[in-house]
Amino acid sequence: MKAVIQRVSYAKCVIEGELKGKCENGFMILLGVVEGDTREDAEKLAKKIPVLRIFEDDNGKMNRSCLDVNGEMLVISQFTLAADCSHGRRPSFTAAAPPSEAVPLYEYFVELLREAGVKSVETGEFGADMQIELVNDGPVTIILDSKEL
């Protein structure tokens, strides 16, 4: 399971002109579920992300977590994180888990973030054509792979 975490001052997801999810002062997370991922992969990421110390403290050091700053999260499903670009110019997405496997893991991950005490966790819509708007604060962007934790 792969996650791209962006520290944001604001992020929103719009589907067919309607606001689906948003967050302020927190993380916008792109989550890619890869073939073979399990609940353990979701648990590893959900345990790590809320406590990543990438918010500044009073001394300007990145020393505070999303939980410390009472931050919010917007989680967007992103199968393209499983892209294989090693051959030719057209990416292959065969490593992405099929929706029957990915949806339950995506939903489980979101549930775990909520259980971890994140102030607000909103989502996009799995498989939908979404427009994402955000203000990356810093910019700060972290890439995590559950297989490397």
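1. The count comes to five salt bridges, taking a salt bridge as a side-chain nitrogen of Lys or Arg within 4 Å of a carboxyl oxygen of Asp or Glu. Keep in mind that this is a predicted model, where local features need pLDDT of at least 70, side-chain atom pairs count only at pLDDT 80 or more, and totals for chains, interfaces and linings use all residues. Residues are numbered from 1 along each chain as its sequence is written, and side-chain values use heavy atoms, with hydrogens and water left out.

2. One of the bridges pairs Lys-12 with Glu-133, at 3.9 Å from N to O. This pair links distant parts of the chain, 121 residues apart: Lys-12 is in strand S1 and Glu-133 in strand S7 (residues 131-145). Helices (H or I, at least four residues) and strands (E, at least two) are DSSP runs, numbered from the N terminus.

3. Then there's Asp-41 with Lys-147, whose closest N and O atoms are 2.9 Å apart. Asp-41 sits in helix H1 (residues 39-48) and Lys-147 in the segment after S7, 106 residues apart. Asp-41 counts as buried because its relative accessibility is 5%; buried means under 20% relative accessible area, exposed over 50%, partly exposed in between (1.4 Å probe, protein chains only).

4. Glu-72 bridges to Lys-119, with the closest N and O atoms 3.8 Å apart. Glu-72 is buried at 15%, while Lys-119 is exposed at 51%.

5. Gln-6 is buried, at 16% relative accessibility. Among the residues Gln-6 touches, not counting those up to four places away in sequence, are Phe-27, Met-28 and Leu-134; contact means heavy atoms within 4.5 Å.
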